[in-house]
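Trainee: I am new to this structure. Please take me through one part of it closely, then show me how the rest can be read.

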Amino acid sequence: MFIFILTLAGFTCQVVRLVQAMSLARHPDCLCLGPKRSGKTHLLKALQDPDSIDETSYSTPTVGTSIYNIIFPTDGEDTLKSTGNIVKDGEDALKIGKKGKAVAPLKSIRVLEIGGNMAPIWRQYFDDVKKLIYVVDTANLCQISSAGVLLYTILAEPRLQNVRILLVLSKMDYAYRQMRNEALLMLQMSKLQKQIRQTVTIVEASSVSKVGFSNIYDWLKIP
């Protein structure tokens, strides 16, 4: 009888976790999208645990979805000393509420990564989204065109017109400065930012060297 109760309790816990995961999948704090092998998994793993990704790390393309709980480092931590280049920053880390009161930055956030292979059904996850990370591999210019098409689809989505968007130019440790400029040119970001309603912040980042991570954390902290 005792063993049965323990088994039932364990099964109940698994069901509760499954329900919580399904709830997050439907109402995530933040979505992370991008073409296949653009660096989404490495980026989120490194944001969740900076020591988990180095030059030897390898990951397979995400099939389905993955959930990451990212706890932001405190001001006293010096894990992330390097900073990336923010091309455009939409808001300060401390947001002013509707009644004029300051809203404290978030301490953690749950991010739902959706595999690039699932691009045709990304739209099923767009309800009630407030933040969206879009990852582009700057070391693979051959992929930029397809990345741009997917990005334009996101920007044109009616449900995402008020969403705050972070465009991450990933794998900067493998790219050189001109590739970054070419990526932005091919994505037509200068023209797009004058036409779209969304606030887009552009950050150069590397999951290996952690360049740009402090800027990504600051963006994610915005309530």
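Mentor: Start with Ser-206. Not counting residues up to four places away in sequence, Ser-206 touches Met-172, Asp-173, Val-211 and Phe-213. Its place is the loop between β8 (199–204) and α6. Ser-206 counts as buried, because its relative accessible area is 1%, and buried means under 20%. Ser-206 and Ser-170 are 36 residues apart along the chain, yet their C-alpha atoms are separated by 5.6 Å.

Now follow Phe-213, one of the residues Ser-206 touches. Phe-213 also takes part in a helix contact, together with Ile-216 and Tyr-217 of α6. Two packed helices are described by the angle between their axes and the distance between the axes. Here α2 (residues 40–48) and α6 (residues 213–221) pack at about 80°, and their axes are 11 Å apart. That angle makes α2 roughly perpendicular to α6, because 65 to 115 degrees counts as roughly perpendicular.

Compare Asn-181. This residue lies in helix α4 (residues 177–187). Asn-181 is partly exposed, as its relative accessible area is 30%. Asn-181 and Thr-138 are 43 residues apart in sequence, and 9.2 Å apart in space from C-alpha to C-alpha.

Next, helix α3. It has 13 residues, 144–156. At 1.5 Å a residue they should span 18 Å, and the end C-alpha atoms are 18 Å apart, so the two agree. The buried residues of α3 are Ile-144, Ala-147, Gly-148, Leu-151, Ile-154 and Leu-155. Seen down the axis, the buried residues of α3 fall within an arc of 120°, so they line one face of the helix. An α-helix has 3.6 residues a turn, so residues three or four places apart point the same way. The face of α3 turned away from the buried side carries Val-149 and Ala-156, which are exposed.

Finally, how far can you trust this? The model is predicted. The mean pLDDT of the protein chain is 79, and 74% of its residues reach 70 or more. Where pLDDT is low, the predicted coordinates should not be read in detail.

How values were computed: Residues are numbered from 1 along each chain as its sequence is written. This is a predicted model: local features need pLDDT of at least 70, side-chain atom pairs count only at pLDDT 80 or more; totals for chains, interfaces and linings use all residues. Side-chain values use heavy atoms; hydrogens and water are left out. pLDDT is the predictor's confidence in each residue, from 0 to 100. Helices (H or I, at least four residues) and strands (E, at least two) are DSSP runs, numbered from the N terminus. The expected span of a helix is 1.5 Å times one less than its number of residues. Buried means under 20% relative accessible area, exposed over 50%, partly exposed in between (1.4 Å probe, protein chains only). The arc is that of the directions from the helix axis to the C-beta atoms. Axes are lines fitted to C-alpha atoms, for helices over the stretch in contact, and angles run from 0 to 180 degrees between N-to-C directions. Angles under 35 degrees count as roughly parallel, over 145 as roughly antiparallel, 65 to 115 as roughly perpendicular and the rest as oblique. Contact means heavy atoms within 4.5 Å.
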